[in-house]
Amino acid sequence: MTANGWFQICFFFALVLICAKPLGLYMARVFERERTFADVVFRPIERLIYRLTGVDETHEMRWTEYAVVMLLFSLVTLLATYAIERLQHALPLNPQHLANVAPDLALNTAVSFTTNTNWQSYTPEATMSYLTQMLTLAYHNFFSAAVGIALAVALIRGISRRESKTLGNFWVDTTRASLWVLLPGCLIYALLLVSQGVVQNFRPYDQAKLVQAQTVTTTGTDGKTTTQTVTTQSIAQGPAASQEAIKMLGTNGGGFFNANSAHPFENPTPLSNLMEMFSIFLIPAALTVTLGRMTKAPKHGWAVFAAMAVLFFVGVAVAYYAEAQPNPLLHSVNQHVTATQAGGNMEGKEVRFGIANSALFATVTTDASCGAVNSMHDSFMPLGGLVPLVNIMLGEVIFGGVGAGLYGMLIFVVLAVFIAGLMVGRTPEYLGKKIESYDVKMAMLYVLIFPLSILGFSAVSLMMPQLGLSSLANGGPHGLSEILYAYTSATGNNGSAFMGLNANTHWYNLSLSAAMLVGRFLMIVPMLAIAGNLAGKKLVPPSQGTFPVHTPLFTVLLVGVILIVGALTFFPALSLGPILEHLLMHAGTSF
Amino acid sequence: MRRNLITALLYTVVTTVIFGLVYPFVVTGLAQVLFHDKANGQLIEQNGQLIGSRIIGQPFTAAGYFRSRPSAAGNGYDASNSGGSNYAPTSKKLIDRVAGDVAGLQPEHPNTTIPIDLVTASASGLDPDISPAAAEFQVERVAHERHLSEDAVRKLVSQHTEGRQLGFLGEPRVNVLLLNLDLDRLTASK
């Protein structure tokens, strides 16, 4: 670890901290329908959208209607994506003449992008046409994010409203999130990315003549080796910057290219790398300020922010430390940090990012439900890879996905308040609302569905050598980590992967689709139920027995609840995966 | 329910036009005007022939060139099939590959350990850079092969060494393709 590395990490976080407040206050104005400077541009477009689609913007929805409309919209966009993938060969903007996507892969991808997961069982530059990427994948990047923000706003309204039956209008919240927040941000951001070298064009792939021709020896499936001379390099192109912007700002994470944000065309410079990490955390961090503003408890918003910040710094410290260590199994190589090399575990990392930025990116992308990667998590040291895995297992509440992180965190807040209430023997209250058995039941449902999907699917995959184990790229405990990571990432709607696992099989495409749907929609419904229930409650004035939710004590309790729930659920599985691998590696064992 | 379904259908169509078509076309138009070279991938031409992109690495194995890092993209530096090796740190395949590359490089400097980035595969398989340490390790061999003085080669390397962006971001690095192209020019002009 170096001082410069830590400086970069702290600089990144300071940027997030500075920008969270103005954006958070702006979003509060947007969703409370107050005037903003952007109204001149977006209000006419908003009106036009409502007129064309028949939305009554004054209509208020109960939680059930909000949920049903959200599900209907998700279903329609999911099917549209599936259809376009299956038909892409006949559609325009496909200069490479890529074939229609296979049914199971098309389904997996449609589910993946609808649920804000962006799990990718495919190599984008060899599978998806430019039109498919723009019209369906980038589109979902906008709308799965906008839906996430809308849901978080609905929950905030549930907390702040009293004796109300409704939570707002799904269409209005989604439209305002996408027009006022995501679109202007992405327009500027995409151009900044291009200025650093992210490509944005519709060229067919360029064929470059290699400076030095290569002799390549490949071994076929029949065991025969063939030698060929490679003289050209086919360079994949495309409208990457426009998609990259919303991929990061909407915490989606689905790469335009297979190597994701490690690809020089997706993340060319250290500055573009900083922008990408910043844009992952920006909206989730700002939403804590929005929470404080809309519930008229700004200090509570910052207490939640503080809990997230504590968990972030613990994660990045562990990941950075682990990755800066030399791999004890490699010999005759210089893995030390010097002025002229980053050192550490460089397998699966880019020279321009080095160790600090790779460890930071991995932490940020899994704290949030982004899932973009600028280094390959599969090649991380065992404890370095443990951090992304644990971040997702904690529920992606460390800033988290846009919207999803906040509502996930608020579920833990409900639990923390409940536990505090049990400890002092009073009825728990949260911002003037009594937390009763219905709320806690729904919160527990939310918390339990998550590990059930992860551990259930992982267990089934581990028991099936043909379907589950044959996809593994690495042996020993690392193999368990690969499967565990896949279902954790899918259920958590993260989308990053231990990419060695070959997930483009019928079993993984279908079971991961199921995990993604469970992780998104089965968790949203109990969350909205809590929102609807809270909205209907009376406000009780704070008494001596009220546990304040804006103090450092509350932050500590919240962090404690998150860690205890996560550790109790997942420690046994983790001890057989990354932790065991760490011990074996230092004992000199390889697989 | 039926009304909501119709709204969902119409909403999908209308917003797809705005966010799926208008937005990327507007960005493309602006990018092509404002940053034409970068938006198209910073391509390099030599005598009318496209020979690569400034920010996409290429494989170099000849002794007279600076070597790039090992690549797991396709058969190596396949820019239409990017990706890493995804070998675990405890993987035998990783240990064997590194040992093989070490055996190939070690004779150049029997008493120096090899900079780690020179024998590890990058995340993209297209990493255009090596560390300054990895470049310095190869200076002696390249100078010898090209009958150039070590100082001349070292000077070229330092010209191609890019420091941290804005003074503190990222890591110092050397772009291998650009370095090797200039090396060819230097040799040709002699």
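Leaving aside its neighbours within four places in sequence, with which residues is A:I454 in contact? In this predicted model, the partners of A:I454 are A:Y487, A:T488 and A:T491. The residue A:I454 itself belongs to helix α14 of chain A, which covers residues 437-462. A residue is called buried when 20 or more other C-beta atoms lie within 10 Å of its own, and A:I454 counts as buried because it has 27 C-beta neighbours inside that distance. A:G519 is 65 residues away from A:I454 in sequence, yet the two C-alpha atoms are 9.2 Å apart in space.

Along its course α16(A) bends by about 30° at A:V518. Of its 30 residues, 22 are buried, and therefore α16(A) is largely enclosed by the rest of the structure.

Helix α13 of chain A, residues 404-424, can be treated in a similar way. Its 21 residues should span 30 Å at 1.5 Å a residue, which agrees with the 31 Å between its end C-alpha atoms. Because 17 of the 21 residues of α13(A) are buried, this helix is largely enclosed by the rest of the structure. Just after α13(A) comes A:G425, with a positive phi of about 75°. The phi of A:E396 is near 50°, a positive value in a residue other than glycine. A:E396 is buried, because 28 other C-beta atoms lie within 10 Å.

The view can now widen to whole domains. Chain A is divided into domain 1, made of 3-202 and 238-586, and domain 2, made of 206-235. The centres of these two domains of chain A, taken over C-alpha atoms, are separated by 39 Å. What joins strand β1 (residues 206-219) of chain A to strand β2 (residues 225-235) of chain A? The answer is ten bridges, and the two strands run antiparallel. As one example of the pairing, A:V216 stands opposite A:Q228 in β2(A). The hairpin of β1(A) and β2(A) has five residues between the strands, and A:G223 takes a positive phi near 85° there.

Chain B is also assigned two domains, with domain 1 at 2-37 and domain 2 at 42-189. Their centres lie 41 Å apart, taken over C-alpha atoms. B:Q42 is found in the loop between α2 and β1 of chain B. Its phi is near 50°, a positive value in a residue other than glycine. B:Q42 is partly exposed, because 18 other C-beta atoms lie within 10 Å, whereas a buried residue needs 20 or more.

Strand β1 (residues 43-46) of chain B pairs with β2(B) in the antiparallel sense over four bridges. Within this pair, B:Q46 has B:Q49 in β2(B) as its bridge partner. Two residues lie between the strands of this hairpin, and B:N47 in the turn has a positive phi of about 50°. Chain B also has an open sheet of three strands in the order β4-β6-β5, with antiparallel pairing. Its edge strands are β4 and β5 (161-162) of chain B, each of which pairs on one side only. Two bridges join β5(B) to strand β6 (residues 173-175) of chain B, and B:E162 stands opposite B:R173 in β6(B).

Finally, how many residues does each chain bring to the contact between chains A and B? Chain A gives 113 residues and chain B gives 98 residues. Several elements of chain B each supply at least two residues to the side that touches chain A, among them α1 (2-34), α3 (92-105) and α6 (176-189). The most comes from α1(B), with 22 residues. By residue type, the side of chain B that touches chain A divides into 52 nonpolar, 37 polar and nine charged residues. Strand pairing also links the chains: strand β3 (residues 333-334) of chain A is joined to β3(B) by two bridges, and the strands run parallel. Here A:V333 stands opposite B:I114 in β3(B).

Technical notes. Residues numbered from 1 in each chain as written. Chains lettered and ligands numbered in written order. Predicted model: local features only at pLDDT ≥ 70, side-chain atom pairs only at ≥ 80, totals over all residues. Domains from an automatic or database assignment. Contact = placed C-beta atoms within 7 Å. Nonpolar A, V, L, I, M, F, W, Y, C, P; charged D, E, K, R; others polar. Pairing = 2+ DSSP bridges. Buried ≥ 20, exposed ≤ 12 C-beta atoms within 10 Å, placed from the backbone. Bend = angle between axes of the 7 residues up to and from the residue. Expected span 1.5 Å × (residues − 1).
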